[in-house]
Amino acid sequence: MSKKIRWGILGCGKIANKFAADLRHVENAELVAVASRDHAKSRAFGEKYGARLFFDRYEALASSMEVDVIYVATPHGIHHSHVMLCLQHRKAVLCEKAFALNTRELSEMVALARKQKVFMMEAFWTKFLPQYDEAMRMIREGVVGEVKLIQADFGFKAPDPAPQRLYDPALGGGSLLDIGIYPVFMALSVLGKPEEIQAMVTPYSTGVDEQCAIIMKFANGALAVLSSTFASETPVEAMIAGTKGRIHMRNRFHNAQGTLEVVTGKDVVTSIEVPREDAFGYQFEARHVGDCLQKGLTESPVMSLDDSLALMETLDKIRKIAGIRYNVD
């Protein structure tokens with residue numbers, strides 16, 4: 001492998017633009033190639049971010065000898081086919097969340113990655129952000145005691161007309177897999193797999209969930225109350241309450257921005273400013289992938305494939321309970 005990690009980006013949408021911009025902050029990274037079904041879009045995207053190769057076929061990107069790792073930034077309804085293509089060409093993969101539509105798809109992806117001995121990771125950027133790291137450190141060190149309750153939400157009012165991916169079942173539309181995955185991830189990160197799940201949805205006309213509400217119960221009796229919606233603006237906050245206090249992750253808890261508030265004793269509030277770089281926040285996961293590749297790892301020690309499987313299995317259970325189905329099920 002070259003001294004610098006040579007990146008390719010598959011898909012040139014909104015999130016790909018943010019990732020490409022943040023890749024400039026990664027010392028051992030170089031954006032070499034991009035691919036879109038639209039050649040003009042691919043070229044414009046590549047020229048904007050300094051790539052030297054532009055493809056209008058994903059196959060061409062996956063087979064390029066100039067690329068070490070591919071960031072898959074297409075809608076999650078088609079992640080499976082795009083990731084499998086990259087793995088078949090023995091390309092390392094960083095794939096946006098949700099990793100796939102269901103556990104069956106993800107299991108096939110994991111099996112091929114392990115068979116090929118190729119690095120693959122779900123791009124769950126939250127797990128690499130300073131705000132998340134600081135919150136998890138405080139929980140591990142017992143600052144708030146034993147965690148007993150988590151509340152987390154993610155919601156926004158979808159524009160009119162809404163982007164197709166939000167409500168199209170073929171693309172894995174619905175609030176749960178698009179944004180509800182973040183509150184679910186937070187609950188699992190802190191408390192592990194739930195023992196019981198209750199869930200209900202408000203369906204959209206296409207059959208996917210416009211809103212989803214979830215309650216989880218864990219082995220120690222802890223509860224998580226989670227929600228996602230495309231119908232209204234919500235605070236997008238997480239509150240982690242324990243026997244000695246609580247942590248508030250405000251201002252889009254899944255993001256790189258924001259201040260942690262720790263409440264202990266008789267409402268003693270401590271605000272913790274978490275340092276951040278002048279970027280969107282995707283550079284942290286990109287750095288981690290580069291480090292893993294330089295070390296010859298095939299799985300991340302931070303966001304393992306087993307972590308992704310556990311998350312997807314939980315999302316499958318929620319969908320089954322709530323009655324959310326996709327054709328691939």
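Trainee: Helices (H or I, at least four residues) and strands (E, at least two) are DSSP runs, numbered from the N terminus; how many of them are in the chain?

Mentor: The chain has 10 helices and 14 strands. This is a predicted model, where local features need pLDDT of at least 70 and side-chain atom pairs count only at pLDDT 80 or more, while totals for chains, interfaces and linings use all residues. Residues are numbered from 1 along each chain as its sequence is written, and side-chain values use heavy atoms, with hydrogens and water left out.

Trainee: What does UniProt list for residues 133–247?

Mentor: The entry, which is unreviewed, lists "domain: GFO/IDH/MocA-like oxidoreductase" there. UniProt positions are in the numbering used here, with feature names shortened, and annotations may be inferred rather than shown by experiment. In the model the span is 25% helix and 36% strand, and its end C-alpha atoms lie 13 Å apart.

Trainee: And what is at residues 5–122?

Mentor: The unreviewed UniProt entry puts "domain: Gfo/Idh/MocA-like oxidoreductase N-terminal" at those positions. Residues 5–122 are 43% helix and 24% strand, with the end C-alpha atoms 18 Å apart.

Trainee: What is the radius of gyration of the chain?

Mentor: It is 20 Å, which agrees with the value near 20 Å for a compact globule of 329 residues. The radius is taken over C-alpha atoms, and the globule rule is 2.2 Å times the number of residues to the power 0.38. The C-alpha trace spans about 60 × 45 × 40 Å along its principal axes.

Trainee: What percentage of the residues is buried?

Mentor: Buried residues make up 57% of the 329. Buried means under 20% relative accessible area, exposed over 50%, and partly exposed in between (1.4 Å probe, protein chains only). As for contacts (heavy atoms within 4.5 Å), of those between residues at least 6 apart in sequence, 67% join residues at least 24 apart.

Trainee: Which residues touch the most other members of the largest nonpolar core?

Mentor: Trp7, Met120, Val184, Ile214 and Met216, in a core of 120 residues. Helix 8 (residues 175–191) gives the most to this core, 12 residues. A nonpolar core is a set of buried Ala, Val, Leu, Ile, Met, Phe, Trp, Tyr and Cys residues joined through side-chain atoms within 4.5 Å.

Trainee: What is Met120 in contact with?

Mentor: Beyond neighbours within four places in sequence, Met120 contacts Val83, Leu87, Val93, Phe99, Met109, Val110, Ala113, Thr298 and Leu305.

Trainee: Switching topic. Which residues of helix 1 are buried?

Mentor: Ala16, Phe19, Ala20, Ala21, Asp22 and Leu23. Their cover includes strand 1 (5–10), strand 2, helix 2 (39–49), strand 4 (69–72), strand 5 (92–96) and helix 9.

Trainee: Helix 9, then. Where is Glu285, and how far away is the nearest side chain of opposite charge?

Mentor: Glu285 is in helix 9 (residues 283–294). Glu285 is buried and has no salt bridge; Lys97, the nearest side chain of opposite charge, is 11 Å away. For charge, Lys and Arg count as positive and Asp and Glu as negative, with His and the chain ends not counted. Leaving out residues up to four places away in sequence, Glu285 touches Phe19, Leu94, Glu96, Met121, Ala123, Phe124, Trp125 and Phe128.

Trainee: How many salt bridges are in the whole structure?

Mentor: There are 18; a salt bridge is a side-chain nitrogen of Lys or Arg within 4 Å of a carboxyl oxygen of Asp or Glu. One of them joins Glu27 and Arg287 at 3.2 Å, N to O. Glu27 is in the loop between helix 1 (14–23) and strand 2 (29–35) and Arg287 in helix 9, so the pair ties together parts 260 residues apart in sequence.

Trainee: Is Arg287 buried or exposed?

Mentor: Arg287 counts as buried, at 19% relative accessibility. Glu27 is exposed, with a relative accessible area of 58%. Besides Glu27, Arg287 touches His25, Val26 and Glu277, not counting residues up to four places away in sequence.

Trainee: What does Arg137 pair with?

Mentor: Arg137 meets Glu134 in a salt bridge at 2.6 Å, N to O. The two are 3 residues apart in helix 6 (residues 130–140), separated by about one helical turn. Arg137 is partly exposed, at 28% relative accessibility.
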